[in-house]
Amino acid sequence: MARVRKRLTARSVATITKPGMHADGGGLYLHVSTSGAKSWVFRWSRDRKSHDMGLGTAGDDDVTLAEARELATDARRRVREGGDPIADRKGARDQKRLEAAKAITFRQCAEAYIKAHQAGWKNPKHAAQWPATLTTYAHPVFGELPVQAVDVGLVMKALEPIWTTKLETASRVRGRIESILDWAKSRGYREGENPARWRGHLENLLPKKSKVHRVKHHARRPFEPRLCAVVRLNTLSSG
């Protein structure tokens, strides 16, 4: 590989004031704007077309000459291998943003969902139940986990203990989890199917509401003094 001729020095970078592109070598340029602002640019050609990629603001407190040369060396390698430094950098940034987005927790998504929708909830009791039920049943299980990590196993862990004992509450919690996960997917915070979906999914794992046995509490019989007196009398007679 041919050695890159280095034309600029740290002193020249600091003292150059003439507007334009000042070559350092190997496709690296110091760009000086008409306002005097300085920045680094990597320029390369492919298919007879010139491409420029910014490498940052020039200066001792920003990107130094040595750092700019390292960035240019990496960009030249990518070009030599047939890559596109600009597209590669964009892809890396997109991947970092995606990873950061997926790190958002279920609790954070729940809070954002409630904030976005509570204005449309006219019933104060209904609005209060959303955070209350999630805090009680969902957050202890997966509230602090990345929303992308919420799967069927975690949803079942939250619902199964109350599905047969607090059916109506459990059903509402399931629906709320489903809505939050749908919201998170629409915002790009998670991918894949919704593990809290009922139709064609959880209906295969949990008994239907109509099949859950409900304990019937018999009405308490009213107090009857005459009946108690008869019972007491019979007890005394038998004694």
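**View 1. Strands E3 and E4 run side by side in opposite directions.** In this predicted model, strand E3 (residues 38-46) and strand E4 (residues 49-57) form an antiparallel pair held by 8 bridges. To find your way along the pair, look for Trp40, which stands opposite Gly56 in E4. Then follow the chain to the turn: the hairpin of E3 and E4 has 2 residues between the strands. Here Asp47 takes a positive phi near 55°.

**View 2. Strand E2 pairs with E3 as well.** Strand E2 covers residues 28-32 and pairs with E3 in the antiparallel sense, this time over 5 bridges. Which residue of E3 is the bridge partner of Tyr29? It is Val41. The hairpin that links E2 and E3 has 5 residues between the strands, and among the residues of this hairpin Gly36 adopts a positive phi near 100°. While you are looking at strands, here is a handy rule: in a regular strand the side chains alternate between the two faces of the sheet.

**View 3. Helix H4 has its buried residues on one side.** Helix H4 takes in residues 106-117. Which residues of H4 are buried? They are Phe106, Cys109, Ala110, Tyr113 and Ile114. These residues cover an arc of only 130° around the axis, and therefore lie on the same side of H4.

View 4. What do the buried residues of H4 pack against? Their partners are helix H5 (124-143) and helix H7 (167-186). Phe106 and Ile114 are among the buried residues of H4 to look for here.

**View 5. The whole chain puts the close-ups in place.** Stepping back, the protein chain contains 8 helices and 4 strands. Along the sequence, their pattern reads α-β-β-β-β-α-α-α-α-α-α-α. Of the 239 residues in the chain, 32% are buried. Among contacts between residues at least 6 apart in sequence, 50% join residues at least 24 apart. The accessible surface of the chain comes to about 16,100 Å², and carbon and sulfur atoms account for 52% of that surface.

Conventions
Residues are numbered from 1 along each chain as its sequence is written. This is a predicted model: local features need pLDDT of at least 70, side-chain atom pairs count only at pLDDT 80 or more; totals for chains, interfaces and linings use all residues. Side-chain values use heavy atoms; hydrogens and water are left out. Two strands pair if DSSP finds at least two bridges between them. Buried means under 20% relative accessible area, exposed over 50%, partly exposed in between (1.4 Å probe, protein chains only). Contact means heavy atoms within 4.5 Å. Accessible areas come from the Shrake-Rupley method with a 1.4 Å probe; for residues, only the protein chains shown count as cover. The expected span of a helix is 1.5 Å times one less than its number of residues. The arc is that of the directions from the helix axis to the C-beta atoms.
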